[in-house]
Amino acid sequence: MIRIGFGKPLLVGLLLLLPVVLDSYTIHVAILIMLFAIVAVGLSLVMGFGGQVNLAQAAFFGTGAYASALLSTTYGWNPWLAAPVAVLTTCAVALTVAIPALRLQSHYLGIVSLGLALAFSSLLSNSDLTGGASGISKVPPLALPGLDLSGPRDYYYLVAIALILVVGFALFVGNTTLGRRFKAMRDDVLAAAASGIEIRYYRLMAFLLAGLVGGVAGVLYAHNARYVSPDTFGLGVMFLLLAMVIIGGQDSVWGAVVGAVLLITARNLLTGIQTYQQLVYGGLIVATVVFAPRGLAGAAADLRRRLNLPWPSILIPWLTRPGLPPPARLKVAPPAPEGVALRVDSVSKRFKGLHALVGVSLEVGAGEIHGIIGPNGSGKTTLFNVISGIYRPNSGRVFVWGRDVTGQRSFRMSRLGVARTFQNLRLFRQLTVLENVMVALDRDPAQAHIRYLIAPWVVVRNERARRARALRLLEDFDLHQVADELAVNLAYGRQRRLEIGRALAAEPTILLLDEPAAGLNAAEQEGLKATIRKIRGAGVTVVVIEHNMNLVMNVCERLTVFGHGKVIAAGTPREVASNPVVIEAYLGQGTPEAAAL
Amino acid sequence: MTYFLQTLVGGLGMGAVYALVAMGFSIVYRTMGLVNFAHADVVMIGAFLAATLFVTMHLPFAVAITAAVLLTAVIGLGIERILRPLESKDLNLMLIGTIGFGIMLQSAAILIWGSFGVAVPTPIPNVPIDVGGIIVTTYQLFVLAVSGIVMLLLYLFLDRTKLGTAMQAAAMDRSAATAMGVNVSSSNAIAFAIGSGIAAVAGALVGPLLYVNPALGVYVGIKGFAAAILGGFGSIPGAIVGGLIFGLIEAFAAGPLSAYSELLTFVVFAGAMMVRQTGIFGERTVDRA
């Protein structure tokens with residue numbers, strides 16, 4: 001949640017008082033630190049929060065600087081007009097670099113963005129427009145009446161204000177819905193999409209924010225140094241930024257700031273011996289990823305947890321005011337419409353030569369608990385993937401409440417009321433239990449994020465309501481005691497429960513459970529049965545893939561049996577159990593599953 | 001037509017070097033799933049080592065290249081050992097770790113050899129040969145021949161030796177390979193050593209073509225990496241084809257638009273990757289839900 005501690009006002013105060021005691025050289029260094037901190041916060045947003053390996057952040061910084069320099073010298077624009085145009089240009093460049101990210105991730109994205117950054121450097125040094133290797137000099141200063149922005153002291157305040165705004169905005173984003181969606185997408189892209197997050201949009205958005213912030217820093221750099229040259233924005237600087245963010249802690253805004261302070265200070269202390277500093281920060285990167293993967297911020301958080309020290313903080317009263325009306329008890333689902341909830345009509349899915357599904361048809365009535373059984377590899381999970389929009393079928397149609405949803409994407413299926421769990425648990429591992437649920441509870445469309453700019457208080461209000469509802473839901477699942485634990489640290493049975501809770505948080509009308517009993521002990525299995533009945537009791541139609549015959553026979557009202565990608569039998573559990581085709585062709589005499597029938 | 005063929009032939013030499021770099025990336029990737037960003041700088045270190053032994057210490061080229069291969073193999077082993085705890089944990093973190101190593105190698109090179117670099121003479125007399133109006137130099141042929149031999153040796157190793165087969169098995173399924181008695185850790189270490197060794201061959205060969213300097217890795221290595229991805233990451237034939245394609249794109253872009261050649265190369269690359277993420281020879285892996 002958003003807390004304003006004693007620390008932040010103190011830091012802001014210090015930041016603003018600093019120039020009084022510093023000499024002008026040190027102020028100059030401080031300006032550089034703040035500029036790098038701004039760029040590093042941008043990198044932390046796109047890479048740490050968004051999980052996008054962006055090795056072009058230095059190029060964003062450079063785009064802002066060069067665009068503003070070019071417009072205010074060669075084209076003679078007023079610097080105050082050149083500056084916003086340069087920031088917008090950087091945003092456009094960032095969105096262009098983001099296009100590959102729509103399809104490429106991880107190291108693929110790393111090499112593509114690195115390549116584009118390299119191309120940017122080579123363009124700067126070779127193009128006549130940008131002055132080649134000698135760069136652009138005589139960039140005019142920004143001018144404000146009454147201030148001397150060509151001197152370091154007044155410029156310091158301009159940069160300090162920019163830093164405060166950027167850090168404040170990044171903290172706000174990082175701790176609320178947008179940042180949570182970024183982190184969800186970083187931790188598990190399939191689960192994020194299945195929770196209603198439109199991945200493409202958020203990848204673009206992550207790059208856009210990185211570009212925006214990088215552009216601002218670039219503009220401020222150009223009008224301070226009054227000179228731009230290619231090597232200020234080359235790969236060396238990119239790696240320096242990377243080191244700041246990794247050492248500080250990838251998904252921590254403060255980490256990025258601390259990283260910038262440490263590395264720029266170190267760089268200035270070690271000026272005669274530049275190569276050694278590079279050796280040192282290369283070594284620090286390696287040491288950090290091996291010994292403290294979450295950086296200084298992660299180490300600090302661990303220490304705090306170990307010593308059990310809460311941050312001294314005063315909560316903003318209007319954020320957590322206890323007198324607020326309690327939010328309405330979570331409605332698990334709207335009352336289900338009558339009729340057929342889900343209809344699959346002769347769906348086929350091929351992977352290269354493999355026919356995973358061949359003309360599969362089935363129907364699930366409103367409010368039914370429908371079981372899908374069959375041997376491993378018979379196409380059950382593939383069917384779920386088709387229904388939930390992860391795969392597009394080669395032929396056939398899927399209807400949800402009579403509406404043709406064939407080939408709709410995953411996030412849209414979530415918004416149409418279909419939620420699912422995954423066979424091999426896909427939680428947002430580095431989010432807390434509460435945040436996992438809040439991701440799914442959050443049904444705001446992506447456009448709603450415009451509120452960050454025009455109505456931030458609405459963001460805060462919604463956040464508070466969402467949090468309260470998420471806590472209620474966690475109580476239903478008996479997970480409220482561990483609400484603030486990271487999902488990855490939960491015991492296995494609880495992780496399974498959390499995944500079902502997260503799916504329900506999306507308020508589905510149809511819930512797809514993929515082997516929910518796998519790995520659960522006997523007591524947990526009993527709990528699961530009760531949970532499934534309760535979910536149906538709340539009006540949700542449940543489709544469950546399961547190997548556990550005890551659960552299937554006791555809970556499901558109808559069954560569909562799969563074999564080699566086809567439906568080989570359907571009916572009530574009793575009918576299926578006595579169906580000779582099922583016994584002969586699928587279960588075979590004497591298997592444990594046959595014995596259970 | 002002559003211009004076309006001449007440019008084509010010109011691109012083949014660098015293409016073979018990129019292919020070697022790409023093979024080094026690929027063998028590490030296919031064996032342990034690690035994307036070694038430090039590989040580019042291992043190429044540069046290899047180039048410096050070979051240049052020092054050959055130019056400064058006047059050793060025969062064959063001896064210089066062998067020693068460089070052994071020394072970089074040791075560097076590769078060191079990187080693998082230090083990053084081993086991260087293996088199969090977090091791909092992005094490991095990737096960043098190798099970037100850290102790259103930065104260290106680059107600054108180590110500057111400390112040892114200075115930032116200016118050395119010019120390396122060709123190890124054999126570099127004579128232009130006229131083949132039907134197209135000029136081929138003997139050194140280009142030498143580069144192609146050595147690269148071809150290395151590629152053949154690697155293929156024979158992976159396909160015909162017990163150790164090579166075991167490494168392939170470890171690449172396909174770690175746990176099954178472990179159950180069959182394959183030592184997966186040592187197979188990773190060997191992959192790293194071989195990958196780094198091949199990097200040194202590439203570095204040694206590229207020395208006389210370019211100027212050996214600490215930034216060499218950035219240019220040769222990143223294109224080699226991109227070539228590996230373009231060919232289909234982890235695929236050995238893919239690495240060869242990807243490398244040759246990069247050599248050719250570069251040769252054709254360098255003529256008329258030299259200021260924009262890097263931009264053009266990487267925009268073409270980004271576009272190609274968008275169309276086919278798995279590269280030319282890559283298999284699409286299904287992300288199991």
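This is a predicted model: local features need pLDDT of at least 70, side-chain atom pairs count only at pLDDT 80 or more; totals for chains, interfaces and linings use all residues.
Residues are numbered from 1 along each chain as its sequence is written, while chains are lettered from A and ligands numbered from 1 in the order in which they are written.

Let's start with chain A as a whole. Its C-alpha atoms fill a box of roughly 90 × 55 × 40 Å along the principal axes. You'll find 25 helices and 12 strands in it; these are DSSP runs numbered from the N terminus, with helices being H or I of at least four residues and strands E of at least two. Of its 597 residues, 49% are buried, meaning that 20 or more other C-beta atoms, placed from the backbone, lie within 10 Å of the residue's own.

Now look for the open sheet in chain A, where six strands run in the order β8-β9-β10-β5-β11-β12 with mixed pairing (two strands pair if DSSP finds at least two bridges between them). β8 (418-420) and β12 (566-571) of chain A sit at the edges with a single partner strand each, so one side of each has no neighbour in the sheet. From one strand to the next, the twist averages 20 degrees. Inside the sheet, β5 (369-373) and β11 (558-563) of chain A pair in the parallel sense over four bridges, and H370(A) stands opposite R558(A) in β11(A). Across β5, β8, β9, β10 and β11 of chain A lies helix α15 (380-387), at about 150 degrees to β9(A); such angles run from 0 to 180 degrees between N-to-C directions, with axes fitted to C-alpha atoms, for helices over the stretch in contact.

Next, follow helix α2 (24-49) of chain A. From first C-alpha to last, its 26 residues reach 36 Å, close to the 38 Å expected at 1.5 Å a residue (that is, 1.5 Å times one less than the number of residues). α2(A) is mostly covered, with 19 of its 26 residues buried. Just after α2(A), G51(A) has a positive phi of about 70 degrees.

Finally, there's the contact between the chains, which takes 40 residues from chain B and 41 from chain A; residues are in contact if their C-beta atoms, placed from the backbone, lie within 7 Å. On the side of chain B that touches chain A, α4(B) gives the most, with 16 residues.

Methods:
Two residues are in contact if their C-beta atoms, placed from the backbone, lie within 7 Å. A residue is buried if 20 or more other C-beta atoms lie within 10 Å of its own, exposed if 12 or fewer, and partly exposed in between; C-beta atoms are placed from the backbone.
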